[in-house]
Amino acid sequence: MIAPVNALETGHLNKAFGKLVVADDISLTLPQGARHALIGPNGAGKTTLINLMTGVLPPDSGHVRLDGKEITGLESDVRVKRGLVRTFQINTLFPKLTPLESVLMAVLEREGISGQWIAPLAARRDAIDEAFGLLTQLGLGDDATRPTHDLAYGQQRLLEIALALATKPKVLLLDEPAAGVPKSESAALFEAIAALPADISVLFIEHDMNLVFTFASRITVLVQGRILTEGSPDEIAHDPQVREVYLGGADHG
Amino acid sequence: MDPHLWLKRKGRISPYEVVFWPIVLVLPFWLFPTYLSLSSQIAITALFCISLDLILGYAGIISLGHAAFFGIGAYAAGLLSAHGWGEPLSGLAFAAVVAAFAGWIVSFMIVRVQHLALLMITLGLGFLLVELANSLGSFTGGADGLQGIDTWKLLGVWKFSFWGKTAYAYSLAVLFILFLVCRRIVRSPFGLTLEAIRENPDRTTALGAPNRAHLQKIFTLSAGIAGIAGALLAQTTETVSLESLGFQRSAEIAIMLILGGTGRLYGAILGAIIFMVARDQLAGMNPQYWYFWIGLLLMIVVLFMPRGILGGLERLAALGRRR
Ligand SMILES: Nc1ncnc2c1ncn2[C@@H]1O[C@H](COP(=O)(O)OP(=O)(O)OP(=O)(O)O)[C@@H](O)[C@H]1O
Ligand SMILES: [Mg+2]
């Protein structure tokens with residue numbers, strides 16, 4: 001029997017900053033279409049794990065596979081072109097550009113015409129329609145032509161996601177997409193994530209347990225760079241270890 | 001708002017532009033014929049300044065050594081002419097290719113560093129080239145400057161005369177054409193990508209953009225244009241000095257660009273005009289005074305008009321419209 005190919009897979013990833021071990025033998029698999037939550041206390045190494053997966057940081061050892069193919073040594077931008085895309089915990093946007101321009105840039109890069117300089121931008125009608133459509137879908141249509149730095153914080157969080165979606169990802173890694181967003185808006189944001197095409201595999205980091213239990217079908221708990229446990233929301237909710245180190249002692253959730 | 005309309009509007013030609021170009025064409029010819037040679041210098045400097053705007057204003061690459069490419073272009077065109085081929089247009093093309101090639105080589109280093117290291121590398125490059133040109137005295141004329149340049153008639157018709165009519169028309173025409181090319185570039189998908197890289201290189205990487213390749217491309221283009229500006233100077237003045245490569249020219253061009261306003265092309269032109277005219281008018285003064293005033297102006301602009309004089313004017317105009 002042939003094992004099904006996982007969308008994303010890490011094997012025995014290790015990473016230390018000096019003496020601080022931030023990834024300790026991390027093996028994690030993300031099947032196609034997954035809705036997988038990564039939880040853990042502050043400083044557990046969640047963002048670092050995304051950095052290792054996307055090639056922002058090189059691992060000390062271990063491998064990363066996308067669609068069954070080794071990508072450990074590849075540059076970040078090449079991984080993105082292959083469909084592995086992330087968002088950032090802290091807004092990482094283009095402050096002076098408008099959302100329209102920002103998303104358009106992402107579409108043009110995906111289409112392989114970002115280096116083209118003969119025809120003007122306005123001539124790329126399909127790309128513009130796509131960019132604007134995506135912004136409208138995320139409720140940013142009315143603010144598409146204001147400078148990004150003028151947008152409300154919550155809108156900027158949505159733009160984070162719009163940018164990632166513009167690359168047409170196969171695997172999407174969301175680093176606390178609702179961080180800093182008022183509770184009243186974060187559910188809507190997750191509804192947008194839940195509405196993503198089923199074939200996109202999603203890994204998201206989130207501190208709000210209600211959101212995690214609502215939107216994840218599987219959960220990995222990370223503590224001090226180590227996978228403490230992994231399971232269904234039900235299993236995680238009733239795991240005494242998790243309750244002790246994370247749910248019980250945590251200041252959030 | 002309709003996104004197509006918005007992007008079109010952003011790229012359209014403004015009425016100011018339509019007025020600007022005829023004025024700069026007419027003014028020196030009819031009103032200030034004694035200033036024709038200064039006008040040529042301004043046009044050439046404006047072109048050089050635009051080349052810096054491409055990398056600094058749009059792509060966010062700071063350089064304190066861009067005169068390297070200006071000088072390489074000047075020496076390339078000058079040497080070609082001194083060795084018997086003085087046809088101006090092919091001379092420009094030759095200089096563009098040589099300078100762009102040099103830019104391409106240097107770009108491999110440039111895109112690997114940032115901030116202070118970037119300043120030091122570009123600075124070092126300038127010093128290095130001046131010394132190289134100096135030590136190759138038999139070839140470049142060293143500190144005496146390159147002699148023996150003879151620029152042929154433009155298109156076989158117009159002679160480069162003492163009064164500098166041909167020189168100004170030629171410099172202005174080249175500036176105008178390359179300005180149009182640069183505007184094409186900055187309003188294209190490539191231009192948008194460069195602005196995005198300038199705004200946040202981490203994010204463009206996370207969106208799949210090969211930042212280094214994009215930056216190398218604009219750096220090469222920019223070096224080519226700087227080379228054309230240098231070639232224009234060599235052809236119209238029929239001499240090339242070591243200063244064309246030097247730090248002072250690199251620094252001045254950066255000052256002009258910051259005065260005029262980065263990332264808007266016209267800021268480069270305006271900065272060159274203000275700087276060059278002011279220096280000419282204050283030339284009678286002690287040079288230290290000149291630096292005093294330019295220093296003061298620079299500080300005032302940076303403090304009160306962070307987007308340069310043109311950016312400041314745009315803001316005033318926007319305020320006026322709101323009234
Ligand atoms: N580049 C770096 N150099 C040194 N230490 C780092 C670096 N990046 C992260 N760390 C440290 O590694 C640990 C894990 O950081 P990481 O950002 O991955 O945590 P996290 O689980 O995402 O936390 P949070 O919930 O606060 O976002 C922290 O102690 C952090 O200070
Ligand atoms: Mg984090």
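Hi everyone, let's start at the ligand: 13 residues surround ligand 1, and the closest are Gly43(A), Lys46(A), Thr47(A), Thr48(A) and Gln89(A). Here a residue counts if one of its heavy atoms lies within 4 Å. A word on the source: this is a predicted model, where local features need pLDDT of at least 70 and side-chain atom pairs count only at pLDDT 80 or more, while totals for chains, interfaces and linings use all residues. Residues are numbered from 1 along each chain as its sequence is written, chains are lettered from A and ligands numbered from 1 in the order in which they are written, and side-chain values use heavy atoms, with hydrogens and water left out.

Which element gives the shell its largest share? That is H1(A), with three residues. Helix H1 (46-54) and strand S2 (20-30) of chain A each supply at least two; helices are DSSP runs of H or I with at least four residues, strands runs of E with at least two. By class, the shell has seven polar, four nonpolar and two charged residues, with Gly counted as polar.

Now the polar contacts, meaning pairs of N or O atoms within 3.5 Å. A polar side-chain atom of Thr48(A) sits 2.5 Å from an oxygen atom of ligand 1. For the side chain of His207(A), the distance from an N or O atom to a ligand oxygen is 3.1 Å. The protein buries 62% of the 640 Å² that ligand 1 exposes when taken alone, using the Shrake-Rupley method with a 1.4 Å probe.

Finally, chain B: helices H12 (residues 247-260) and H15 (residues 308-322) pack at about 5°, with axes 3 Å apart. They are therefore roughly parallel, the word for angles under 35 degrees.

Notes
A polar contact is a pair of N or O atoms within 3.5 Å; within protein, one must be able to donate a hydrogen and the other to accept it, and residues adjacent in sequence count only if both atoms are side-chain atoms. Axes are lines fitted to C-alpha atoms, for helices over the stretch in contact, and angles run from 0 to 180 degrees between N-to-C directions. Angles under 35 degrees count as roughly parallel, over 145 as roughly antiparallel, 65 to 115 as roughly perpendicular and the rest as oblique.
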